[in-house]
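Could you walk me through this structure in the viewer? I am new to it and would like to know what to select next and what is there.

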Amino acid sequence: MLIYIDGEFYEKAKAKISVFDHGFLYGDGVFEGIRAYNGKVFKLDEHIDRLYESAKVILLDPGVDKEEMKEIVLETCRKNQITDGYIRLVVSRGVGDLGLNPNSCKKASVICIAGTIQLYPEKYYSEGLKIITVPTTRNNNESLNPRIKSLNYLNNILAKIEGLQAGAPEALMLNPAGMVAECTGDNVFVIKGNVLHTPDVHSGSLDGITRRTVMDLARERGMEVVEGPMSRFDIWVADEFFLTGTAAEVVPVVELDQRVIGDGKPGPQTIALMEDYSQYVRSHGAEIQK
Ligand code: PXG
């Protein structure tokens, strides 16, 4: 495996960053988790745009432009002969002094890892997940906006731990006002009748790229798509419930807080969207080979 760090490729054992990198010391940086399918990088432009938005919001200059960043991703895939895989692109504040002042970091570090992905167990998709709402709320928009895909994931990790301790593979997080935000690494959707409903991004969720893709696919199926406030009530009484994310893709949920959703099986419209998604990802994306 060859890993890109600041203009060079390194063997896995030699791919190291400084302990003085503020990404490590303070979680000061941003990242993207991207998939490649069938020789193509899925939604590369969208991931790069989101990365640069996250960087802009934290006043971080990646030091390379978007075209160069795309080429870094594609070249890392080529070097590792990736056709189907998982790409992690990281921009950290870089090496600086102790002390959280980012101005001591002279240059951002860019890291790109392209490897294979550990897929979720097949059972999650055929049977659906049973999850719970956890006490840890999603970060307040004005403290650390959940739209920033930052290297600081402790908020999500705390919620994930609470879910795992209760035996749930994912955990639903509310925002500080008690409305549904998202899961620890996935966006949330419910279906009631012909309406697909997901919390708007101001509710405390990442503007997920899988989320956007699924909204488009649902519109193509003639569904009405609503982005707006969602309460747990809306989920408990929904016909269908599912999560979306780059890693999970589209995964059905059949129980929340011991309330069975719909008839307790992955719903027909969810299954249709899962199929649409898996077809779509295999036929769209930036070609890895020149
Ligand atoms: N919410 C959160 C908090 C996430 O971290 C999503 C929603 C879904 O967004 P996308 O754009 O993927 O549809 C995420 C995604 C990783 C990793 O390596 C994390 C994500 C995706 C892929 C890999 O930790 N988070």
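Here is a short tour, from the whole chain down to single side chains.

This is a predicted model, where local features need pLDDT of at least 70, side-chain atom pairs count only at pLDDT 80 or more, and totals for chains, interfaces and linings use all residues. Residues are numbered from 1 along each chain as its sequence is written, and side-chain values use heavy atoms, with hydrogens and water left out.

**Stop 1: the whole chain.** Show everything as a cartoon. You will find eight helices and 16 strands; these are DSSP runs numbered from the N terminus (helices H or I, at least four residues; strands E, at least two). Along the principal axes, the C-alpha atoms fill a box of roughly 55 × 45 × 30 Å. The radius of gyration is 19 Å, which agrees with the value near 19 Å for a compact globule of 290 residues (taken over C-alpha atoms; the rule is 2.2 Å times the number of residues to the power 0.38).

**Stop 2: two domains.** Colour 2–115 as domain 1 and 122–281 as domain 2; the bounds come from an automatic or database domain assignment. Their C-alpha centres lie 26 Å apart.

**Stop 3: where they touch.** Select the 22 residues of domain 1 in contact with 19 residues of domain 2, contact meaning heavy atoms within 4.5 Å. Together the domains bury about 1700 Å², 63% of it on carbon and sulfur atoms (accessible area, 1.4 Å probe, lost on being put together and summed over both parts). Now pick Phe31, Phe42 and Arg50: they supply 35% of the area that domain 1 buries against domain 2, more than any other three residues.

**Stop 4: a bridge across.** How many salt bridges does the rule find across the interface of domain 1 and domain 2? There is one, counting a side-chain nitrogen of Lys or Arg within 4 Å of a carboxyl oxygen of Asp or Glu. Next, show the side chains of Glu249 and Arg35, which meet in a salt bridge at 3.3 Å, N to O. On the side of domain 1 that touches domain 2, β3 (29–37) is among the elements giving two or more residues, and β3 gives the most, with eight.

**Stop 5: back to Arg50.** A search of the whole structure finds 16 salt bridges. One of them joins the side chains of Arg50 and Glu32 (2.7 Å, N to O). Arg50 lies in helix α2 and Glu32 in strand β3, so this pair ties together parts 18 residues apart in sequence.

Definitions and conventions
Buried area is the accessible area (1.4 Å probe) that two parts lose on being put together, summed over both.
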